[in-house]
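Hi everyone, thanks for coming.

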Amino acid sequence: LESSLEGIPFAEAAKMSVTVTGQRRLWLEAWVGLYDAGTIKRILRKIFSGHEGPGGIKHRFQSVPGKRLPQTALLEARNFQQVLEALRGTPWRQALEEPLKALQHGGGTLFATDLSLDSLALTRLVRVSRSLSSSRSGTLADLFGSLADLENLLWTIRGFRYFKLGFEDMVNRLLPVRHRLSFDNLRKLGRSRDMEELWQHLEQTA
């Protein structure tokens with residue numbers, strides 16, 4: 001049920017994308033890219049954990065049909081290298097190559113791969129939103145710029161608290177787009193000595 005409901009706005013966008021042109025079509029494609037990033041993350045988690053879990057991946061492809069991702073090759077992938085081969089020729093492969101290589105050689109979690117996928121999808125969405133609207137309150141640029149800020153904030157806190165990553169380790173993984181949360185804000189948060197200091201810095205932000 002959750003997978004079906006999640007797919008509704010993306011499926012509607014995929015239908016609309018054939019009726020519009022130019023920047024509006026690019027925006028709809030970028031929006032659906034968020035769903036595609038989620039699908040790839042599900043596939044990586046299945047391989048990493050050894051089981052698919054609730055909400056089948058095949059159902060995700062059926063919920064938002066289209067030829068954006070190589071469905072058959074991804075569903076048949078049994079290891080990370082096969083995922084990379086399936087994504088050859090797409091921007092997703094370039095985003096995943098380095099974090100998957102590090103995971104294969106050094107172990108760890110899927111944190112870096114999630115960051116890379118979300119960063120690719122969200123950066124594209126924010127940039128095309130800016131081309132459609134100004135940064136005034138209530139516009140697409142404001143909405144998805146705020147989402148980018150929140151994601152950067154979330155990743156910084158998760159990296160600091162749960163993965164013991166310093167800001168220098170996080171900086172290249174953060175979204176390259178900013179809205180109201182500046183790079184200096186993120187640097188102060190990431191270099192906090194503890195969570196108490198982090199919250200003090202956070203109180204000074206939007």
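Let's start with how α8 and α10 lie relative to each other. Keep in mind that this is a predicted model. Helix α8 covers residues 140-161 and helix α10 covers residues 183-190, and the two pack at an angle of about 20 degrees. Angles under 35 degrees count as roughly parallel, so α8 and α10 are roughly parallel to each other. Their axes are 10 Å apart, and the crossing of α8 past α10 is right-handed.

Which residues make the contact? From α8 we have Asn152, Leu153, Thr156 and Phe160, and from α10 come Leu186, Leu189 and Gly190.

Now please turn the model with me to the cavity. The count of cavities of 30 Å³ or more comes to 1, and the largest cavity has a volume of about 70 Å³.

What lines the largest cavity? You'll find Tyr35, Asp36, Thr39, Arg60, Phe61, Val64, Pro65, Gly66, Arg68 and Leu69 there. Two elements give two or more residues to this lining, namely α2 (22-49) and α3 (57-63). The largest share comes from α2, with 3 residues.

Here the lining does include charged residues: the division is 5 nonpolar, 2 polar and 3 charged.

Terms used: Residues numbered from 1 in each chain as written. Predicted model: local features only at pLDDT ≥ 70, side-chain atom pairs only at ≥ 80, totals over all residues. Heavy atoms only, no water. Axes fitted to C-alpha atoms, helices over the stretch in contact; angles between N-to-C directions. Helix = DSSP H or I, 4+ residues; strand = E, 2+ residues; numbered from the N terminus. Parallel < 35°, antiparallel > 145°, perpendicular 65-115°, else oblique. Left-handed = near helix turned anticlockwise from the far one by under 90°. Contact = heavy atoms within 4.5 Å. 1 Å grid on protein atoms, 1.4 Å probe; cavity = no way out; pocket = protein on both sides within 12 Å on 5 of 7 lines; lining within 4 Å. Points joined across faces, edges and corners; volume = space filled by probe spheres on them. Nonpolar A, V, L, I, M, F, W, Y, C, P; charged D, E, K, R; others polar.
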